[in-house]
Protein chains: 2
Amino acid sequence: MEAERTLHDEEITRLGELAAQLRVDAIRSSTQAGSGHPTSSLSAADLMAVLIARHLHYDWVNPPNRANDHLIFSKGHASPLLYAVLRAVGAISEQELMETYRQLDSRLQGHPTPALPWVDVATGSLGQGLPVGVGIALAGQYLDHLPFHVWVLCGDSEMAEGSIWEALDKAGHYGLRNLTAIVDVNRLGQRGPTELEWDLDTYRRRVEAFGCHPIVVDGHDLAAIDEAFDRARQATGPTVVLARTIKGKGVPDVENQPGWHGKPLKPDMAERAIQALGGVRQIRVTGPKPEPVRPAAKAEAQPEVKPPELPQYDKGAKVATRNAYGDALRALGSRPDVIALDGEVSDSTRADKFGEAYPDRFFEMFISEQQLVAAAVGLQVRGYRPFAATFAAFLSRAYDFIRMAAISRADIALSGSHAGVEIGADGPSQMGLEDLAALRAVQGSTVLYPSDAVSCAALVAQMADRKGIVYLRTTRGKYPVLYDNGDDFPIGGSKLLRGGKDDDVVLFGAGVTVHNCLAAADELAHEGITARVVDLYSVKPLDRQRLLDAVRDTGGRLVVVEDHYPEGGLGSAVLESLADFAEPVRVNHLAVRGLPTSGTSAQLMDQAGIGVYAIVAAARALA
Amino acid sequence: MEAERTLHDEEITRLGELAAQLRVDAIRSSTQAGSGHPTSSLSAADLMAVLIARHLHYDWVNPPNRANDHLIFSKGHASPLLYAVLRAVGAISEQELMETYRQLDSRLQGHPTPALPWVDVATGSLGQGLPVGVGIALAGQYLDHLPFHVWVLCGDSEMAEGSIWEALDKAGHYGLRNLTAIVDVNRLGQRGPTELEWDLDTYRRRVEAFGCHPIVVDGHDLAAIDEAFDRARQATGPTVVLARTIKGKGVPDVENQPGWHGKPLKPDMAERAIQALGGVRQIRVTGPKPEPVRPAAKAEAQPEVKPPELPQYDKGAKVATRNAYGDALRALGSRPDVIALDGEVSDSTRADKFGEAYPDRFFEMFISEQQLVAAAVGLQVRGYRPFAATFAAFLSRAYDFIRMAAISRADIALSGSHAGVEIGADGPSQMGLEDLAALRAVQGSTVLYPSDAVSCAALVAQMADRKGIVYLRTTRGKYPVLYDNGDDFPIGGSKLLRGGKDDDVVLFGAGVTVHNCLAAADELAHEGITARVVDLYSVKPLDRQRLLDAVRDTGGRLVVVEDHYPEGGLGSAVLESLADFAEPVRVNHLAVRGLPTSGTSAQLMDQAGIGVYAIVAAARALA
């Protein structure tokens, strides 16, 4: 590889100059913006100077180059340093840096986002960049079989996040030799000293115990950093460079001082600091380029991709939608870009069906839902279509990761099984009852909740090409297949299951409550009340036209039934959609209002007031 | 303490009999129920037998006894074992166990909940019992100064959850000598082997690196377990008993076999197993009782509790509500039961005001939001009133913990600062924009979002006595004080800021948008449109009467403005509240519909369409 390990004085000088430029640019851009985190940038400037000049294999004019290394700032608040890096490599201009940082509509936002083509994912919620890096490294080592390396700059404060240890654990478990975390141990957090301050030895022991190779280094010794990165790249497993650094390094007034987190230097102070650092420079660094990737040898070797043959179900047969998820996902496996992940419950979510058919494209994340979602985000960075599954209730564990994935403009499919009180005896801890609200509120998300196996399979097939966060809610129990194989279930649509022009009332359900609505319509018919039944399988986007028709045809008599808490779910979706509609509407909204206990599915649905008789009563009250 | 360390054969026999009873009861109760997790119970039966017979200091007839040890099943799915324990100590009857487990309205639910007075918190979402145990131990060691011990039974699968490592890290940091985690390392998870299987040495090194004292033991060797628990109780810091066990232990057909997770034995199989275990027993075990607590010496020594003197603000002065949170919390500090916690951002949330005044009642949780919320839950188990704060965006990290806290019927106060696009330049990763939806959907929750410092302080004061999960959303920037000191802000109420009977339109805001609504009303007045302005500071419960009045008075012309994504927030709350109201209503709902970037507060609110001119236009369109 490289002929020598010890750097010439000349090279040290060159790197020192580059580091000085990064510092100066971090200071002046944040002072100009009037906000930002210069001191958190200064501590890591030497690390990044050595990395970009000598170790990061990156084709800056072609960020989509699949051979490029990846660089993730898990400590996203050090954006002034990242943007200084981008200027140093010629990716952005000095003008853009100085005039747009943190301004409206700038791509140089307060924390990095993929508005910049060199940024894979949004960071700024700590402890997320490393878990995403694990996903990218999984792709590189197990799917792409490419020699790119994933470098993740972490802060020391974020080492207190459990997600960091989920990530290192998985890095160790999967032996990710293409992953290096660089921890900027600058001793100071936002409001004072970190938990471990400069106790590098404890960090070292933790990292080692979690199956990664620690490399302790003075984060301001350029030659030592260089050697550390060499060792990291050549290691046979995941590495963690633990760099002892000084917050504010290079600006004596703020070095190792509390009270300077997230504060730009005042203009006069900045000017003095820049002078002391040798002033503004115009260094353009050219680091190593990646080896060219051979033209898609792997793809060639693969057989023609067949369109997935979706599973077929007999109308009336009882099939759980979670089973249909597994069946459809296995069918989608004919696409080599489809990957499945699970949180150690694949025999429940039925992702195991995919895992059995395509073991090389199935990643077991064990019980670490944050890492589960983060790995999916990392995989889609590399162009894959990840499907991550666990219980609907336990996706709540990863809510911050899902929120951030939306800011990353990530395209990921999530499946939450065991929704609602329908699950029965296991009790409320296992019931997804706030997932529709939480997932609907994610920016740009899609939320699907099929009632039967045919519609579920059809929706799973569409999830693979849907942009953004796509959430599928599945049901534990078996219910009759309602639709014909081959029926169309467009996202944003709905299905009319019962009724015509002269209906007295409309019953809107989704998932399991569709079956209750159908039974209620039968009951109501005996009473002479004609009830329309609509399956709102697409909770977001919702089929507004179907709602408007329902209001017009019935004089605004609607019942909405959901196996979910009353706030923010299907009922809210309906109401939001009708908010500005001038005609009078009365919505009788049935949802789970109390705290459920154990019981059978039917008992619990009845107790919650979302069973057949509650629907009948609600419709009767309107009709 | 105890005279001897080595157990007599007689005692071994007694413990073995007890363990056999626990196994038999776990098997028969789950077989009777037709669901449950017997094999996960069998592996830990010996551990629990020794614990309850010889180490758990517990007054079973008086669960609220403040001197009692605490026993938490972090592996909540082992509920058959817990309920077998409760029968063995005489807390519940054999009849209750056999007839009600997992049945409707039973307190013996599929996973434990505090429906049982001996259960502190609901478990069943893995990796949560231990973090809550840390909170209870913090209370014992730092606040109660009582010698009770906290024992937490963990599964090995849940050791993959980052929250476990947040918990051990904090246990080590705070030197919690009253905390013992007992890890039932039975090698098998739900769908197959765990990540580390029986690699006890790796567990040991991880635990040690995280600052806890590991004790490795054969989990089926009664004498060894006894010694381990002795050592745990006498240790000078937190301990983790790593017990090598066999899943299904005691039933040869299922011992160490995959495919038996969460499955009851079939009746014939159960019968054979029970016979082989020596049949049903009627052992009643009497373990050690806690030392009586001296009558509240600490309380006596304390001065009379003064009612908190809430901070006063000048009307019109610009004050951030996050500052008012800090001021009011400090004022509440006159109550000795009020405790504050923060996620290393107390200078932003302004919880630091409390921390400075009451350092002994302030717990720094560093950047580990899951542990932050879990510690709050643990503190309320001991009767304290915890206030936990971080950025609104980062509470999403703890969403599963908040969801479970609601099932625990925990009374905790949460403060999320930096809500919405209002925060400005830091960008979307730092903006709480789905928090209203997520927190509203939590069962039994209260959601508050004050617009000014006076109302904020008044609400904080009420939070201390509110049941359930109480969420306060605060704003980063400074806005004028709108109300008079001493004004009343009941939870469930609202404030009429502008308008009378003849208004053309009503503008509903909360938090920062109230100020935009006021400015919009001024603008509208110039156009001859009379706009009512209502401050919906109580987002849940919502002031329905105020909404009905608005509809009646204006013919249903409402504008709702929120600094939040459109789904599930204030707009949905309004619409849900009006769902069944027969009169025609048109709601023009302004919310953040795109993905925000950096910018100033005003720019971002304007861009999102929640600024003054958007409100004016929305009102004009209705009027």
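Predicted model: local features only at pLDDT ≥ 70, side-chain atom pairs only at ≥ 80, totals over all residues.
Just after helix α4(A), G90(A) has a positive phi of about 85°. Helix α4 covers residues 79–88 of chain A, and 10 of its 10 residues are buried, so the rest of the structure largely encloses it. The buried residues include P80(A), L81(A), L82(A) and Y83(A). R87(A) is also one of them.

What covers α4(A)? Helices and strands both take part. Among the covering elements are the helices α1 (9–33), α2 (38–42), α3 (45–55) and α5 (94–100) of chain A. The strands β1 (70–73) and β2 (150–155) of chain A are included as well.

β1(A) and β2(A) run parallel and are joined by 4 bridges. Across this pairing, F73(A) stands opposite L153(A). β2(A) also runs parallel to strand β3 (residues 179–185) of chain A, with 6 bridges between them. There, C154(A) has V183(A) as its bridge partner.

## Strand β3 in chain B

In chain B, strand β3 (residues 179–185) is mostly covered: 7 of its 7 residues are buried. Both faces are covered. One side carries L179(B), A181(B), V183(B) and V185(B). The other carries T180(B), I182(B) and D184(B).

Strand β2 (residues 150–155) of chain B pairs with β3(B) in the parallel sense, over 6 bridges. V152(B) stands opposite A181(B) in this pairing.

## A seven-stranded sheet

Chain A also holds an open sheet of 7 strands, in the order β8-β7-β9-β10-β12-β11-β17, with mixed pairing. Its edge strands are β8 (362–364) and β17 (538–540), and each pairs on one side only. Neighbouring strands of the sheet are turned by 20° against each other on average, direction ignored.

Within the sheet, strand β9 (residues 385–391) of chain A runs parallel to strand β10 (residues 412–417) of chain A. These two strands are joined by 5 bridges. F387(A) stands opposite A413(A) in β10(A).

## Two helices side by side

In chain B, helix α15 (residues 369–381) and helix α17 (residues 399–407) have axes that come within 8 Å and cross at roughly 15°. The two helices are therefore roughly parallel to each other. Their crossing is right-handed.

Which residues make the contact? From α15(B) come Q370(B), V373(B), A374(B) and V377(B). From α17(B) come F401(B), I402(B) and A405(B). The contact residues divide into 6 nonpolar, 1 polar and no charged.

## A buried glycine in a loop

G343(B) sits in the loop between β7 (338–342) and α13 (346–349) of chain B. Is it buried or exposed? G343(B) counts as buried because its relative accessibility is 2%, and the cut-off for buried is under 20%.

G343(B) touches E364(B), F366(B), I367(B), L372(B) and A389(B), not counting residues up to four places away in sequence. S368(B) lies 25 residues from G343(B) in sequence, with 6.3 Å between their C-alpha atoms.

Most residues other than glycine have a negative phi, and most peptide bonds are trans. R350(A) has a phi near 70° and lies in the loop between α13 (346–349) and α14 (352–357) of chain A. H418(B) has a phi near 60°, and its place is the loop between β10 (412–417) and α18 (435–440) of chain B. At 4% relative accessibility, H418(B) counts as buried.

In chain A, one joins K540(A) and P541(A), with omega about -5°. P541(A) is in the loop between β17 and α21 (544–554) of chain A. In chain B, a cis peptide bond joins K540(B) and P541(B), with omega about -5°. P541(B) is found in the loop between β17 (538–540) and α21 (544–554) of chain B.

Key. Residues numbered from 1 in each chain as written. Chains lettered and ligands numbered in written order. Heavy atoms only, no water. Pairing = 2+ DSSP bridges. Axes fitted to C-alpha atoms, helices over the stretch in contact; angles between N-to-C directions. Buried < 20%, exposed > 50% of the residue type's maximum accessible area, 1.4 Å probe, protein only. Contact = heavy atoms within 4.5 Å. Parallel < 35°, antiparallel > 145°, perpendicular 65-115°, else oblique. Left-handed = near helix turned anticlockwise from the far one by under 90°. Nonpolar A, V, L, I, M, F, W, Y, C, P; charged D, E, K, R; others polar.
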